[in-house]
Amino acid sequence: MTQPSLTLGYVPGATPAKWARIWAERHRDVPLTLSVVAAKDAAAEVRAGTVDVALLRLPTDTSALAVIPLYEETTVVVVPTGHLLSAADEITAADLTGEPTLLPLDDVVAWTDPPGNPVDHRPETTEDAIELVAAGMGALIVPQSLARLYHRKDLTFRPIADAPTCSVALAFPEGPPSALVEEFTGIVRGRKPGSSRGQTQPTPKRTAREKTLAKQAARAAAGKPARKPARRRQP
């Protein structure tokens, strides 16, 4: 009999570690496999069944998928350390006027008319573009998570105050989700293990006497003397 398992695909820069840890704590007998997928392929990987669920960036073609928006990422510009743009804690799009900019083929920032002067050469990947930024060929506009992922000592990044944010979402096939997919989406949404949808039966509430007995047991386990019941005052 095949052991049940769940495969989570995630785009570079996404951070599923917290959810993977919670999954491991709650489902030790069900492996969760993490698989990095290219941003342009993430939705297709879900549709093809290569992964059961994916953390991907929007906008992208999500046809035949159920999508749960999760959070918005700050958009930043990556420049060499010591660059003029690094003098401020935050910049605006106007600050990039006339600045050479790199636009990799796997660009994920949905900016209709991005600022700066695009360099003719388009690197294949964001990682390749980072190398070109370090070589002084231009600035790079990316989600903050990617700037952190490819961080190096000779580069820095600054938030762009008026740039569009980058959306990250959870996607899985349309239709009723499998029990494992539903459980994972519950974890991502912050559902507690004792919730009615997280377990077949919710954890029952303890009575006042059960709480008292539990406290007494905890004190005994810690080597502390049991508390004497308070005496009632005589009228």
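These notebook entries record what I looked up in the predicted model.

**Entry 1: the sheet.** I began with the strand order. I found five strands in an open sheet, arranged β2-β1-β3-β10-β4, and I noted the pairing as mixed. I then looked up the edges, which are β2 (32-36) and β4 (65-73). Each of these has a single partner strand, so one side of each is left without a neighbour in the sheet.

Entry 2: I looked up how strand β3 (residues 53-58) is joined to strand β10 (residues 166-173). The two run antiparallel, and five bridges join them. Within this pair, I noted that A54 of the model stands opposite A171 in β10.

**Entry 3: helices on the sheet.** I next checked helix α5 (residues 179-188), which packs on the sheet and touches β1, β2, β3, β4 and β10. The direction of α5 makes about 155° with that of β10.

**Entry 4: residue E124.** Is E124 buried or exposed? I located E124 in the loop between β7 (117-118) and α3 (126-134). Its relative accessibility is 54%, and the cut-off for exposed is over 50%, so E124 counts as exposed. Leaving aside neighbours within four places in sequence, I found E124 in contact with L105 and D106. For E124 and D106, I recorded a separation of 18 residues in sequence and a C-alpha to C-alpha distance of 6.8 Å.

Key: Residues are numbered from 1 along each chain as its sequence is written. This is a predicted model: local features need pLDDT of at least 70, side-chain atom pairs count only at pLDDT 80 or more; totals for chains, interfaces and linings use all residues. Side-chain values use heavy atoms; hydrogens and water are left out. Two strands pair if DSSP finds at least two bridges between them. Helices (H or I, at least four residues) and strands (E, at least two) are DSSP runs, numbered from the N terminus. Contact means heavy atoms within 4.5 Å. Axes are lines fitted to C-alpha atoms, for helices over the stretch in contact, and angles run from 0 to 180 degrees between N-to-C directions. Buried means under 20% relative accessible area, exposed over 50%, partly exposed in between (1.4 Å probe, protein chains only).
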